Amino acid sequence: MTARIQGAAGKLQTFVFMSKTTGAMLRVRRAFWLVLGMLSLSLLLVVLGIYTTTITESVIVTGYTSGVILTLGCFLGLLGLLLDENRQQLLTAAIVFLSLGIITSFFCLLIDGVCIVLNMDMRPLNAGRCQYYSSGRSYIYENFFATVSCQNLKESCSLTVRSGTCYCCDLYDCANGGYLSNYYEFVGVESCEDVFMLYVFIWVLAGLNLVAFFTGMLTTAVLGSIKSVRSNPVTESTESRSSSPTAPLLMDVNPSHQSHPLNLQ
C-alpha cells in the first residue's frame, strides 16, 4: 500500500515538474519573439536615425542613439534565451543595456520631438517663401558662398549662404544675425522639399522612440521574470531524482523476508 502511494506521489511530482517545464519553455518562446520584435524596432531606429541625420548638416538628430543601445541589449537577450551557458550573466547584461536604452529613448524623444521640432517653423516653407541656393552643385570638393538679399516682414538685410542650402528669410533675424533662430537655413539639402521630408522623419523618429520606451520596459520586465525562474526546473529535477520511490520499496521488502522464517518455525 505504501509503495502504491509513493509511486502515485512520484508520478504526480513528475507530472507537476513536466507541466512547469512546459510552461517555462512557453514563456521563453514568447520572450524570444518579444525580444526579436524589439530588435527589429531598434534596427529601424538606427537606420532611420542615421538617414535623417545625413539629410542636412544644420540639424543634428539623436534618435538613433537609443536604437544602438537597445540593439545591443536585444542581442544579449537573444543570446541569453538561446544559450544554456552563462544564461544568468547574459540576461543580466541585456537588462542593463535595455534599461539604458529606455532612458536614452526618453531623452531622444525630448530632444528630437520637442527641442528640434519646436525650432522648425514650417509656415514659410508651406507658403513657398523659402529659396534654394544651388550654385556650385556640380563641384564635389568645393563649396561656394554667396551673399543674397534677405527681406522679411520687418526689415531687409544680406545673408551669406552656402551652396546647396534652403534658406528662409522670414525666419532670419537680421538685427541679431540669425542668433535667435536656429533653423532658418538647411545646409546640404538638394531642394527645399527635403526639409519637409526631414520634418516628417523627425516626427517618425519621435514616435518610434515613444514606442521603444514602453516596449523596452515590457521586454525588460519579461527578461527579468525569466531570469528569476530559470533555475527552478533544475532544482526540482534534482529533488525528484533524489527522492526516488524505489528506495522505500526496498525497505518494505526486508520485513517480509524476516517474518517468513517465523512462519516456518
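Predicted model: local features only at pLDDT ≥ 70, side-chain atom pairs only at ≥ 80, totals over all residues.
Student: Is Phe106 buried, exposed or partly exposed?

Tutor: Look at its relative accessibility. Buried stops under 20% and exposed begins over 50%; Phe106 has 38%, so it counts as partly exposed. Phe106 also turns up in another feature: ring pairs link Phe106, Phe107, Phe213 and Phe214 into a cluster.

Student: How do I read a ring pair, and how many aromatic pairs are there?

Tutor: Two rings pair if their centres lie within 6.5 Å, and planes over 60 degrees apart make the pair edge-to-face. By that rule, the count is seven aromatic pairs. One of them joins Phe32 and Trp33: their centres are 5.8 Å apart with 75° between the planes, an edge-to-face pair.

Student: How accessible are Phe32 and Trp33?

Tutor: Phe32 has a relative accessible area of 23%, which makes it partly exposed. Trp33 has 56%, so Trp33 is exposed.

Student: What about the rings of Tyr51 and Phe201: why is that pair edge-to-face?

Tutor: Because their planes stand at 65°, with the centres 5.7 Å apart. Now check where each ring sits. Tyr51 belongs to helix α1 (residues 2-53) and Phe201 to helix α5 (residues 193-229), so this pair ties together parts that are 150 residues apart in sequence. As for accessibility, Tyr51 is partly exposed, at 43%.

Student: Let's move on to strands. In which order do the three strands of the open sheet come?

Tutor: The general idea first: two strands pair if there are at least two bridges between them. Here the order is β1-β4-β5, and the pairing is antiparallel. The edges are β1 (130-133) and β5 (185-187), each pairing on one side only. From one strand to the next, the twist averages 15°.

Student: How many bridges join β4 to β5?

Tutor: Three, with β4 (residues 165-168) and β5 running antiparallel. To find your way in the model, go to Thr165 and look across: Val187 in β5 stands opposite.

How values were computed
Residues numbered from 1 in each chain as written. Heavy atoms only, no water. Phe/Tyr/Trp six-rings, centres within 6.5 Å; stacked < 30°, edge-to-face > 60°. Buried < 20%, exposed > 50% of the residue type's maximum accessible area, 1.4 Å probe, protein only. Helix = DSSP H or I, 4+ residues; strand = E, 2+ residues; numbered from the N terminus. Axes fitted to C-alpha atoms, helices over the stretch in contact; angles between N-to-C directions.
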